[in-house]
Amino acid sequence: MTAEAQMKKTARTLVVLLLCSSLAACAALKAGEDPVLVRAEQTEQTAFATMDTFVNLERDNEALLRTLVPGIHAAAEAVRLKGPAAIRDLRDVIATYKAAKAGAKPDLSTALAVVEQILRDVQSWIAKAADAGVKKVAEIETAYEIMGGV
Amino acid sequence: MQIVLGVLALIEQLIAAYPRIKAAFVQDSALTDQQRADLTAAEERAFVTPAWRTDAQRAADPAPPAP
């Protein structure tokens with residue numbers, strides 16, 4: 001398998017896996033579990049892991065990514081600005097939800113929606129970065145072949 | 001060649017991060033108090049690392065002490 005084919009396969013796998021992370025409702029719940037609470041906690045964990053991965057990757061590969069994916073730095077800056085507050089808000093409302101009695105549970109949807117929107121944005125930028133990386137490698141391989149493998 | 005290596009390293013890092021995301025993905029019950037405390041601590045530790053610092057924070061304070 002060529003480096004390009006390997007990259008394409010890897011990138012496709014990666015994008016599918018990351019997009020799956022937005023569907024944090026696939027595992028069957030144990031009996032007696034509150035699905036609203038479990039899904040909210042899943043979303044918090046998934047969003048935090050995805051955001052943390054994204055800001056670390058962007059910082060570690062800033063120069064390369066600025067070249068490959070214009071706009072990704074601004075997107076990462078937005079995550080750095082909004083992400084912690086969104087996670088903390090969701091965490092607080094989850095704590096309130098757990099402490100409240102049945103029938104007096106607060107609505108989690110607003111805090112969840114903010115975190116989910118950031119998560120979707122991050123997933124979109126990761127997919128763009130993977131796609132741009134594959135295209136760049138293909139360009140380089142084509143140029144290399146035109147030059148006769150010199 | 002440098003770009004190819006950079007892209008490969010980038011994708012390698014992304015794949016390495018996947019187990020963290022998968023762990024949340026397959027959660028089937030509410031967090032225990034200890035798991036909640038661990039998650040909160042992990043989040044707060046991460047938010048003060050260099051990767052989470054904005055350009056404005058870096059410009060204002062280029063070399064903060066390690067958390």
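Figure 1. At 28% relative accessibility, B:Arg58 counts as partly exposed. (Buried is under 20% relative accessible area, exposed is over 50%, and partly exposed lies in between, with a 1.4 Å probe and protein chains only.) The two side chains meet in a salt bridge of 2.9 Å, N to O. A salt bridge here is a side-chain nitrogen of Lys or Arg within 4 Å of a carboxyl oxygen of Asp or Glu. B:Asp55 and B:Arg58 both belong to helix 3 of chain B (residues 55-60), three residues apart, about one turn of the helix. An α-helix has 3.6 residues a turn, so residues three or four places apart point the same way. Helices (H or I, at least four residues) and strands (E, at least two) are DSSP runs, numbered from the N terminus.

The structure is a predicted model: local features need pLDDT of at least 70, side-chain atom pairs count only at pLDDT 80 or more, and totals for chains, interfaces and linings use all residues. Residues are numbered from 1 along each chain as its sequence is written, chains are lettered from A and ligands numbered from 1 in the order in which they are written, and side-chain values use heavy atoms, with hydrogens and water left out.

**Figure 2. A salt-bridge network with members in chains A and B.** B:Asp55 and B:Arg58 are linked in a network of salt bridges with A:Glu58, A:Arg59, A:Glu62, A:Arg66, A:Glu77 and A:Arg80. A search of the whole structure gives 12 salt bridges over all chains.

**Figure 3. A salt bridge between distant parts of chain A.** The side chains of A:Lys98 and A:Glu41 meet at 3.7 Å, N to O, in a salt bridge. A:Lys98 sits in helix 4 of chain A (residues 72-99) and A:Glu41 in helix 2 of chain A (residues 35-60), 57 residues apart. A:Glu41 is buried, with a relative accessible area of 0%. A:Lys98 is partly exposed, at 34%.

**Figure 4. A buried salt bridge across the chains.** B:Glu43 and A:Arg91 form a salt bridge through their side chains (2.9 Å, N to O). The pair crosses between chains, from helix 2 of chain B (residues 33-47) to helix 4 of chain A. For B:Glu43 the relative accessible area is 0%. Leaving aside neighbours within four places in sequence, B:Glu43 is in contact with A:Glu44, A:Phe48, A:Ile87 and A:Arg91. Contact means heavy atoms within 4.5 Å.

Figure 5. B:Arg36, B:Leu39, B:Thr40, B:Glu43, B:Ala46 and B:Phe47 are buried. Seen down the axis of helix 2 of chain B, its buried residues fall within an arc of 130 degrees, so they line one face. (The arc is that of the directions from the helix axis to the C-beta atoms.) The buried residues pack against helix 2 and helix 4 of chain A. The face turned away from the buried side carries the exposed residues B:Gln34 and B:Arg45.

**Figure 6. The largest nonpolar core.** The core holds 42 residues, and A:Met51, A:Phe54, A:Val69 and A:Val79 touch the most other members. At least two core residues come from each of helix 2, helix 3 (62-68), helix 4 and helix 5 (109-146) of chain A, and from helix 2 of chain B. A nonpolar core is a set of buried Ala, Val, Leu, Ile, Met, Phe, Trp, Tyr and Cys residues joined through side-chain atoms within 4.5 Å. Leaving aside neighbours within four places in sequence, A:Val79 is in contact with A:Met51, A:Phe54, A:Val55, A:Pro84, A:Ile118, A:Val122 and B:Trp52.

**Figure 7. The two chains.** Chain A has five helices and zero strands. Of its 150 residues, 47% count as buried. Chain B has three helices and zero strands. Of the 67 residues of chain B, 37% count as buried.
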